[in-house]
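User: I would like to go through this model and ask what stands behind the terms used for it.

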Amino acid sequence: MSNRIDKLIAGIAQHCEAYETAAIMGAVHELQVALRATGERPGEPLLGLLPKLRNARAFPALETFANGLLEIGIEDETIRRFLAQSMIETGRVIPAIDVLNGILARIGTDRSHPEFAEAHGLLGRCHKQRFVDSAKLVPDPTRHQYIATALDHYRQMVEPGALGRTPWHSINVIGLLARMQQDGLAADRNEAEALSRGLIADLLPQATAGTIFPWAYATLGEASLALGQPDLARTYLDMFASCRGVDAHMLASTIRQLEQVWGLRSGADQEGAMIALLKQRLAELTRGQAQFSRLEIAGIEQLARLPEPTLEARIGREGPRKLRWLRKGFEAARSIARVFIKGTSEGKGHGTGFLIRGSVLCQKLGDELLLLTNEHVISRVADQSAIAPEWAELRFDEMPELNRIELGEIVAFEPRTDLDFCLVRLKSVPDGLQPITIASLDWLPANLSDLITPRRKAYVIGSPGGGDLSISLDDAEITDLGYRRKDEPEQIFMHYRTPTEPGSSGSPVFNDDWLVIGLHHAGLNRSHEGNPAPHRALSGRNGFNWANEGIALGAIARSITRQLTG
């Protein structure tokens, strides 16, 4: 294996371990180009990246990588299994079923094949997801068929006398039986309880000896729920969250199972606190995007008020600071709005914006509360991207008691080819609305070299995909800072690895003190083939950045002042 290929593989592994999700796709693309150019096929090192990408929850990169391996002639059922998993996690269950059935068709009935149990487990996951998703739609008379099929796939791997050999399959049988009882479908409660006791008996000696794998703590937690022991379940799930070796995939999968199968809802009560703590741990660990419902926010806020010794016993030495720090972000989110097109449903917004006091941008604006967003979100001229202000409404997710708010005239703007901002008046300002708190306008210097290391953080709160507010955390380093055009050196932009999704346009970019330093406006570019492409480096530097882009608030303020005062 050449030194270049070796370095690229090691680099991807490091990005995965650090949950640097915004950098992973670029590194995968670079590796694939190198493999095609060199003709090298280092099978084992390449296959070793598959679980690393999954554990980092870099599913678009995982799908790209798996497809790339198959395209260059590396034939392996493990690759197809990871390809199927990436499809499941990105919402394409039916294509994943086809891939998994293809695996089973090729390996036949050979139960000793390492992909036999994996394929059946993921097929169970697919049909379980179809069962869960069908509940969100019009009542589906075939729902019971989905859960029956899921149970059949999981049961194929369950050994009644040795449940601990296949804990993943065993706990899913238990969970689905419990869900069937909850939904009034025929299920044997005695079977679920007997399986739970057997699974606990198999796993408990390992837990006592301290040699247990992290997944097993989550399994013990679910089995305790099936036996009606929420206190014990909470203890095991706390141990799972703080266990050395727990990764983002484990946490997210357990959260999904507790919410979708067991029907737990986040909050500050006994069961809700389980979800809140797991989500907090996921947000801390993933260096990626974590979505928090209002109930989860309430649960975390209450947990943050607990005495520190109590809290430390639950989530570790740094828990109190992290929870209270995260709570400050939630408080800032009260000033962030989803932008809707008039007449659309509550489910999906058009973009994001935030309230800002006019005087912090230009003294002439006084104390008026205004909305700051991107010009490609709200514009005087509507197009495929932007809507006119008279067709827009605002909804503040963290202030659900407020009705939608209509917008007035545009105060100032620059087109998307320049600073891409739009400052808009509100037709009315209901009681309770507060402006977001900003950093000093000169907080960001003009050059990256002048930005001291502790300040190189860029957290984003927005509405990815137009959905609920989401906070992008941890992998939030500012990687580049400066101008895009030499003739406009005061137009300062920043590049940061903070992961975002479409719908986050117009979000505030925060520093580590939850003070706004910029306006988010662009994720990774898209090439003419639809693949992600990097941004060109700033301030005339050579190269490209696999990063997202925002506009410095100071540059926006200077533009507004020029427009309004001449």
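User: Which residues is Leu 53 in contact with, leaving aside its neighbours within four places in sequence?

Analyst: Leu 53 is in contact with Ile 12, Cys 16, Ile 24, Val 28, Ala 58, Ala 61, Leu 62 and Phe 65. Contact means heavy atoms within 4.5 Å. The model is predicted: local features need pLDDT of at least 70 and side-chain atom pairs count only at pLDDT 80 or more, while totals for chains, interfaces and linings use all residues. Residues are numbered from 1 along each chain as its sequence is written, and side-chain values use heavy atoms, with hydrogens and water left out.

User: Why is His 127 called buried?

Analyst: Buried means under 20% relative accessible area, exposed over 50% and partly exposed in between (1.4 Å probe, protein chains only). His 127 has 10% relative accessibility, so it counts as buried. His 127 belongs to helix α7; helices here are DSSP runs of H or I with at least four residues, strands are runs of E with at least two, and both are numbered from the N terminus.

User: What does His 127 touch, not counting residues up to four places away in sequence?

Analyst: His 127 touches Ile 97, Tyr 146, Thr 149, Ala 150 and His 153.

User: Why is strand β4 described as largely enclosed by the rest of the structure?

Analyst: Five of the five residues of β4 (residues 369–373) are buried, so the strand is largely enclosed. In a regular strand, side chains alternate between the two faces of the sheet. Both faces of β4 are covered, with buried Leu 369, Leu 371 and Thr 373 on one side and buried Leu 370 and Leu 372 on the other.

User: What makes β3 and β4 a pair?

Analyst: Two strands pair if DSSP finds at least two bridges between them. Strand β3 (residues 351–357) is joined to β4 by four bridges, and the two run antiparallel. Leu 355 stands opposite Leu 371 in β4. Four bridges also join β4 to strand β7 (residues 421–426), again antiparallel, and there Leu 371 stands opposite Val 424.

User: What makes a set of residues a nonpolar core, and which members of the largest one touch the most other members?

Analyst: A nonpolar core is a set of buried Ala, Val, Leu, Ile, Met, Phe, Trp, Tyr and Cys residues joined through side-chain atoms within 4.5 Å. The largest has 98 residues, and Leu 31, Leu 53, Phe 65 and Leu 100 touch the most other members. Helix α6 (residues 93–107) gives the largest share of this core, eight residues. Apart from it lies another core of 51 residues, among them Ile 336, Phe 354, Leu 419 and Ala 557.
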